[in-house]
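Me: Could you take me slowly through one part of this model, the charged side chains that pair up? Please spell out the cut-offs as you go, and then show me what else is in the fold.

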Amino acid sequence: MPELDLTIDGADEVDAELRLIKGGGGALLREKIVAAASRRMIVIADETKVVETLGKYPLPIEVNPFGLASTRLAIERAAAELGLKGDIVQRPQNGSPYRTDGGHFILDASFGLIPDADALAKALNTIPGVVEHGLFINLASLAIIAGPAGLRTLPAQVK
């Protein structure tokens, strides 16, 4: 899969600038690899996934099991520097820690609204132990949103 023409996928949240939160299903690393290898990514979602500001949905952060406690502390510090705070919980599965396909853990960060998703993404990218995060920035090129009134697109297409 060196390069793909198109990826079509869902999202846990999408804003008007096509920034996304993904990873609620646990495959965020693989989904981001596929999205980054694609010339275009189209998101299909219902209107309940459209938000003004990302962060209503907990942000999944895939982490290496080694150094989990120090990685969590570094995430808390980075978030605090951006004015974010909230619970960061290790995702469970059947009484054990959830394991991704790559054998990593997922921390779900409930920061609430994230006013500067770009800055948070950059900060998380610098933390040793963070394998990937669910902020998909500059990857989606179009979102098709379904609702009771029909379909619309983000960004809105000019007629």
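Reply: Glu3 is partly exposed, because its relative accessibility is 49% (buried means under 20% relative accessible area, exposed over 50%, and partly exposed in between, using a 1.4 Å probe and protein chains only). Before we go on: this is a predicted model, so local features need pLDDT of at least 70 and side-chain atom pairs count only at pLDDT 80 or more, while totals for chains, interfaces and linings use all residues. Residues are numbered from 1 along each chain as its sequence is written, and side-chain values use heavy atoms, leaving out hydrogens and water.

So what does Glu3 pair with? The side chain of Glu3 meets that of Arg39 in a salt bridge, 2.6 Å from N to O (the rule: a side-chain nitrogen of Lys or Arg within 4 Å of a carboxyl oxygen of Asp or Glu). The two sit in distant parts of the chain, 36 residues apart: Glu3 is in the segment before E1, and Arg39 in strand E4 (residues 38-46). Helices (H or I, at least four residues) and strands (E, at least two) are DSSP runs, numbered from the N terminus. Arg39 is exposed, because its relative accessible area is 55%.

Now for another pair, Asp9 and Lys22, whose closest N and O atoms are 3.0 Å apart. Lys22 is buried, because its relative accessible area is 3%, whereas Asp9, at 24%, counts as partly exposed.

Asp15 and Arg19 also form a salt bridge, at 2.8 Å from N to O, and both residues are buried. Shared partners join Asp15, Glu17, Arg19 and Asp118 into one network of salt bridges. The count for the model is ten salt bridges.

What about the sheet? Four strands make an open sheet in the order E6-E9-E5-E10, with antiparallel pairing (two strands pair if DSSP finds at least two bridges between them). At the edges are E6 (87-90) and E10 (130-133), each pairing on one side only. On average, neighbouring strands are turned by 25° against each other, direction ignored (axes are lines fitted to C-alpha atoms, for helices over the stretch in contact, and angles run from 0 to 180 degrees between N-to-C directions). Inside the sheet, E5 (residues 59-63) and E9 (residues 105-110) share five bridges; Pro60, for instance, has Asp108 in E9 as its bridge partner.

Helices pack here too. H1 (residues 28-36) touches E5, E9 and E10, its direction making about 65° with that of E10 (contact means heavy atoms within 4.5 Å). H2 (residues 68-81) lies across E5, E6, E9 and E10, running at about 155° to E6. Take Thr71, which is in H2: at 2% relative accessibility, Thr71 is buried. Leaving aside residues up to four places away in sequence, Thr71 touches Val63, Ile127, Pro128, Gly129 and Val130.

Lys122 is in helix H3 (residues 117-125) and counts as exposed, at 61% relative accessibility.
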